[in-house]
Amino acid sequence: MTDALARLEHAAVSLLVAVGVALIGVPLLLTVYLSVFDEKLILFPPRGYTLAWYPAIAANFGGPIWNSLQLSAAAVAGSLLVGVPAGIGLSRLQFRGKGMISTLLLAPITVPGIALGLAVFILLVAIDERLGSSLTGAMLGLVLGHVMITTPWVVRLALASLVTHDRAAEEAAASLGAHPLAVIWRVTLPAMRPGIIAGALFAFVISFENLELALFLSSPGVTTLPMAVLQYLEYHVDPLVAAVAVAQVAGVGVLLVVLDRFVRLGQVVR
Amino acid sequence: MSAAALTLDRLVRRFGSHNAVDTISLEVAPGELMVLLGPSGCGKTTTLRLVAGFITPDDGDIRLDGQSIVTLPPHKRDMGIVFQSYALFPHLSVARNIAFGLEMRRINAAATAARVEEMLRLIRLEALAARLPRQLSGGQQQRVALARALAIHPKLLLLDEPLSNLDAALRADMAREIRLLQQVRGITTIMVTHDQAEAMAMADRLVVMHDGRVEQIGAPEALHLHPATPFVARFIGGSNVIRGRIDAGSHLVLENGASVALVGRYHAAGSATLAVRPDSIRLGLAGAPRARVEGAVELCTWLGATVEHVVRIGPELTVLVRGPGLGPDAIQRHAAGTRVALDWAAEDEFLFDGDDRPLAATPTEPAATKEIHHA
């Protein structure tokens, strides 16, 4: 009786897991499948199969990929610079307005990307009007926008990595003669390492795949990969786009696997 | 290294409207091990953190060899601290942990290596120098923490509940080890604990704290034999504390109307509190001529070396009585329900007035010759 119940429960759990995996996996597999169609248009069934679309990525999207890599690298650097000290401050210090700052730092996650893009665009236009600057369409504006959307992740992961850290270790370091900055450098930051690496990874992925900010903020000459893909789709529907998507997923996947060898991501990201 | 003298001068620390440390003054002599003892929330840890410089006092002064250190940040105070949680640096090896304070002092590599070597020998962990803290047992981690604190040749060693994360078997060993090291090195030490036995085992002198105040300072034996307040009597000797009223005589009248016939005669009148240690009470059958108070046995527990009786002397009042459980001195055991008489000697009777100050007795009978119990 209980045996049958346990079997039923096991089957139900297995089914749910299978559905979950299918929901994530099927579109991915389908994309991989599409990316090897030997067709100019996506027709089913295909005439044949080819890997020719993959080499074509560099020729068609090389520039945008390079732009996106630079942009994401800048966004990662910027968000670490803001987010890691913010995380340390929020977790270690008591000050007025702490709750508000904490909310503000995490708020960009809750605002739809398209609204955020428009808002930042309007802000930059307003600044340009007042100061006669030309932030609108400049790389700087785009980078700042990306720092804004990636910082919440860095802050959150930095905070998470400090929750389990024993504060007494910092006090011990101070008692042993470490100046407050030396305490952060020698004790706090090493303890945060997994969180910082995971935060950088998240920031990179969020920035790399972001379309909405680029739509509003990128200059005519500088196209990011998501924008380039969108523009390409307006005129072509061929397996090249699928190949780009697969390459992107594979890139992130490799990054995850490599990082997991250094830090146990599962322990940081919960 | 010459040991330093520490002075706490009317130290006050508030948290909100609560006085966590309420005007505490202490003198710790060079080379002395002073234990701050009290229940959680009594202010002992706050006091230690004030000395370490992790928090600043609202009032009062802290002096090391006469120099005020109260404005110095922790990293300039030259104090070695051992935490309850060990607080080792998880990413550094045992040797690097011990070297940390020396690196911060920019001591050259050769001298640092020599000092680390010496410390590892001291704690007998030479073989584990390259291990990470998480690869060590709790006792080993605590020894590394001690070595790390001692490596900088601190002016003061601060121990914050250093034994409470260790299992019971290890605790006594570690206590002896710390005490020996402390004595060999002659380092002035303050230790915080809530464990009375641990405090007695290690201290030169004890400071019993309660509600942010000092109840009594003294050698373990002095506190045991001459408690200054009912709180100290209960905390150090585990004394039975009985509250009532006295009217210039030798009867303590309890709230329920019952009365305890005191050994001594007291001149005071008003609220009074009686404290008697469980091991100084003798049990006899009810009706005995020298009964201080009578009651009924509620529980008799044989613990091997000792026997404990819980005797109910009032609706809300029980008294714990403890005596030898083995050998020729073993006391008679009484079954639950037996009516018994309680008696004790003059020197084991401690009476306090309404403000918890000790009351002196004028003995009405010559103090019985009786062995004094040392715990």
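Because the model is predicted, local features are reported only at pLDDT of at least 70 and side-chain atom pairs only at pLDDT 80 or more, while totals for chains, interfaces and linings use all residues. Residues are numbered from 1 along each chain as its sequence is written, and chains are lettered from A and ligands numbered from 1 in the order in which they are written.

We may begin with chain A. Chain A has 11 helices and 0 strands, where helices (H or I, at least four residues) and strands (E, at least two) are DSSP runs numbered from the N terminus. Its C-alpha trace spans about 75 × 75 × 30 Å along the principal axes. Of its 270 residues, 32% count as buried; a residue is buried if 20 or more other C-beta atoms lie within 10 Å of its own, exposed if 12 or fewer, and partly exposed in between, with C-beta atoms placed from the backbone. Two residues are taken to be in contact if their C-beta atoms, placed from the backbone, lie within 7 Å. Among contacts in chain A between residues at least 6 apart in sequence, 77% join residues at least 24 apart.

A straight helix of 40 residues would span 58 Å at 1.5 Å a residue, but α2(A) spans only 51 Å between its end C-alpha atoms; the expected span is 1.5 Å times one less than the number of residues. The helix bends by about 75° at A:F61, and a proline, A:P64, follows within four residues. Here the bend at a residue is the angle between axes fitted to the seven residues ending there and the seven starting there. A:W66 also has its place in helix α2 of chain A. A:W66 is exposed, with 12 other C-beta atoms within 10 Å. A:W66 and A:T188 are 122 residues apart in sequence, and their C-alpha atoms are 34 Å apart in space.

Chain B, in turn, contains 8 helices and 23 strands. The C-alpha trace of chain B spans about 80 × 45 × 35 Å along its principal axes, and buried residues make up 41% of its 375 residues. Of the contacts in chain B with a separation of 6 or more, 64% are between residues 24 or more positions apart.

Next come the nonpolar cores, each defined as a set of buried Ala, Val, Leu, Ile, Met, Phe, Trp, Tyr and Cys residues joined through C-beta atoms within 7 Å. The largest nonpolar core has 107 residues, and those with the most contacts inside it are B:V35, B:I98 and B:L158. Helix α4 of chain B (residues 138-151) gives the largest share of this core, 7 residues. Domain 1 (6-222) and domain 2 (229-363) of chain B both give residues to this core, so it lies between them. A second, separate core of 34 residues includes A:V76, A:L105, A:L124 and A:F216. Returning to B:V35, and leaving aside its neighbours within four places in sequence, this residue is in contact with B:M191, B:T193, B:A199, B:M202, B:A203, B:L206 and B:V207.

The two domains of chain B, whose bounds come from an automatic or database domain assignment, have C-alpha centres that lie 38 Å apart. Their contact takes 5 residues from domain 1 of chain B and 5 residues from domain 2 of chain B. On the domain 1 side, strands β9 (205-210) and β10 (213-218) of chain B are the elements that give two or more residues. The residues on that side divide into 1 nonpolar, 3 polar and 1 charged; Ala, Val, Leu, Ile, Met, Phe, Trp, Tyr, Cys and Pro count as nonpolar, Asp, Glu, Lys and Arg as charged, and the others, Gly among them, as polar.

B:R234 has its place in helix α8 of chain B (residues 230-237). With 16 C-beta neighbours inside 10 Å, B:R234 counts as partly exposed. Apart from neighbours within four places in sequence, B:R234 is in contact with B:S239, B:V241 and B:A275.

Finally, the two chains meet: 16 residues of chain A are in contact with 18 residues of chain B. On the side of chain A that touches chain B, the elements giving two or more residues are α6 (167-175) and α7 (180-208) of chain A. α6(A) gives the most to this side, with 7 residues. By class, this side of chain A has 11 nonpolar, 3 polar and 2 charged residues.
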